Amino acid sequence: MLHLIIGMPSSGKSTYIAALRHLLVADEVPTELELTGLADDETHLNRLEKEWLACEPVQRTKPATEGWAQFHIKDRATAVESELSIPDLRGEAFEQPACIGQCRTELLTALSECDGMLLFTNADREDDIIMLDDLMDLFVKPDEIGATSANAEPTEASGPEIASIPATVLAPGISFQPENMPEEVKIIEFLQVANRRPRFPIRRRIAVLISAWDIIDENGGVEPEGWFSANRPLLAQFLETNSDIWQVKIYGVSAQGGRLPQEKAALEKIKNPSKRMRIVGAAASEHDLSAPLRWLMSPGGERNVS
Amino acid sequence: MEQTILQCNVPGCGGPASGICINGLSFEECPDVTSAKQGEAPLFDTNEKGTTDALTPVFHAMTPTNGAGSLDAISCDILLRARGGILVAIVAGPETGKTTLIATIYELIFRRRIANIKFAGSETLRGYEERCYLARLASNNNIPDTPRTRTAAKLSFTHLRLFTSENGIKDIIFSDRSGEHFENVLSTPRGIMNFAEIARADIVLFLVDLKELLRSPHLPISQIRRLFIIMEKSGLLSGKKIRVVGTKADLMESAERKAEAQQALSTLTSDLLRRSDTPLDIKPLLISARRCIGVSEAGEGIDVLMKDILEPKPPGTFTHGTTWPTRPTELDRLMSSYRNREE
């Protein structure tokens, strides 16, 4: 079975693979999948797991460190054995369809043929879709809103207020760069490519993994679905309105277990490293990072789109 | 796969190492990308400490994905033939707010700010992002703006797939062309037949800058009136929804001023209607792409406009022709009894 791990740069793809590798090899906590053997080449996975076990941030994937992670696994419930191939590619590879209208041929082939996807979005990143209109109250008095629109002449009254705008906002404008487009837009374009002509639309499963979930849900009570809908509105709408093509489950994941390097000492004290990782949503058990993969592999779901 | 060491000679461009070309070209096409042998220095990835990693950048074969910034007339035609859809033609002079309107519709849908309308996809995501960029914090601007459509720019289209619970998914296409094109056609009215988007449109939006309409009404009224007459006499408006959209309502200083603008817009709409030889579905509509006084969010009136655009066309009425063959066949005679019965 071929599954893709997709996500923009620093969205947590490699950290998840590292944690999953440890989880399956260590077999220390209950999981829905179990490892049945090692791949022919374990170099890439070994490097990732080494960093993860040392409680160090997993390094960003570089051109020479890209690789295909292979897992020989068995579903404990059904006893079905599979070989999972998951490409661990740099996030830039997934930006290219939106930014330059092209995709690596090997990735495009994998996208066309894949059975399902793990889609990563990092909860611990700056909001990249803030509208200036929504910040107007910070810059101008309520009764001046409107007078500061694009085509209005600058008024004397607005002078002192604008002077209080943070320097970063007053800095000279930055011209449009495709790579600075919002994460959601890049992901949607990548997903659209999967079903765009000449490819035939196929119904696929997609597990959305919100990484750095420990930061969002420090006190508990936040549901991944609700967070995703509120904080990734365009992507959430896209998946919701295309439910004939995308079957979706949403998880909150903390593959490291905490912030690094701030919480490194605390994480190192955990005797059972598998208990560092956390996952919530879609009835996954607390530490079982294999649950989304198991769902992707599970039977059911017609591939043809009516 | 054949691997070649490539590097980019443009400062600031990550080139093949980053996977993104600053010129927006494939690395095979980009003239700034050279092989390491041709370049002066070999390219290496640099780690955070500034030392070289000796990681060889790898060239990957690339395949076009057919996504676009904007659609040209041919691509738009292909899309409409393949999927159907509603084509919205926007008619207005320079700096009236055409691009801002298109961008704001996208921004509001992006943030779920139009009730009961959901995003389902777009073939021109990058085009929308280019149009929205100057109104976002990421641009480092301090007031929202919209890039101006250059006079030399050709007719382009942006596309949205939208979902409503009443109508399911619909494809909506907005035309975008330079306002100068409409100024020019006032001098050479026959040129309107080259405005492909108006001939094909399901809905035509005449945009009027409300600030101009109140400050110095004669010129904008005259311009819109002449554009309307040119299109109406060319048969381009027949059977289409027509909306006279007053833009920049956010620039009205008071509620009284806004009411004044609304009245002026209604008068203009009535004026246009009386110039038509045939009954038209024409209405005035006031919108503000930016935030208005006393309104917490941008985009006043845009929800009404979108509902209007997405509302299904009423089914046309069908009537039998009155002509009858001079030499009726057996079938004609048979059918004539049914026809008489219906009449």
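## Close-up views of a predicted two-chain model

View 1. Asp41(A) belongs to the loop that runs between β2 (33-37) and α2 (43-53) of chain A. With a relative accessible area of 54%, Asp41(A) counts as exposed, because the cut-off for that class is over 50%. Met8(A) lies 33 residues from Asp41(A) along the chain, and the C-alpha atoms of these two residues are separated by 26 Å.

**View 2. Chain A as a whole.** Chain A contains 13 helices and nine strands, and of its 306 residues 56% are buried. Of the contacts in chain A that link residues at least 6 apart in sequence, 76% are between residues at least 24 apart. The accessible surface of this chain amounts to about 12,700 Å², and carbon and sulfur atoms account for 52% of that area.

**View 3. The nonpolar cores and the contacts of Phe174(B).** The largest nonpolar core comprises 76 residues, and the residues with the most contacts inside it are Leu191(A), Phe174(B) and Met306(B). Helix α2 of chain B (residues 98-110) supplies the largest share of this core, namely eight residues.

**View 4. Ile221(B) in helix α7.** Ile221(B) is situated in helix α7 of chain B, which covers residues 218-233. Apart from residues up to four places away in sequence, Ile221(B) touches Leu213(B) and Leu268(B). Val208(B) is 13 residues from Ile221(B) along the chain, with 8.3 Å separating the C-alpha atoms of the pair.

**View 5. A nonpolar surface patch that includes Met335(B).** On the surface, Leu331(B), Leu334(B), Met335(B) and Tyr338(B) together form a nonpolar patch whose accessible area is about 420 Å². Met335(B) is part of helix α10 of chain B, which spans residues 330-342. The relative accessibility of Met335(B) is 42%, so this residue is classed as partly exposed.

Note on methods
Residues are numbered from 1 along each chain as its sequence is written. Chains are lettered from A and ligands numbered from 1 in the order in which they are written. This is a predicted model: local features need pLDDT of at least 70, side-chain atom pairs count only at pLDDT 80 or more; totals for chains, interfaces and linings use all residues. Side-chain values use heavy atoms; hydrogens and water are left out. Patches are made of residues with over 30% relative accessible area and no salt bridge: like charges are joined within 9 Å, nonpolar side chains (Val, Leu, Ile, Met, Phe, Trp, Tyr) within 5 Å. Accessible areas come from the Shrake-Rupley method with a 1.4 Å probe; for residues, only the protein chains shown count as cover. A salt bridge is a side-chain nitrogen of Lys or Arg within 4 Å of a carboxyl oxygen of Asp or Glu. Helices (H or I, at least four residues) and strands (E, at least two) are DSSP runs, numbered from the N terminus. Buried means under 20% relative accessible area, exposed over 50%, partly exposed in between (1.4 Å probe, protein chains only). A nonpolar core is a set of buried Ala, Val, Leu, Ile, Met, Phe, Trp, Tyr and Cys residues joined through side-chain atoms within 4.5 Å. Contact means heavy atoms within 4.5 Å.
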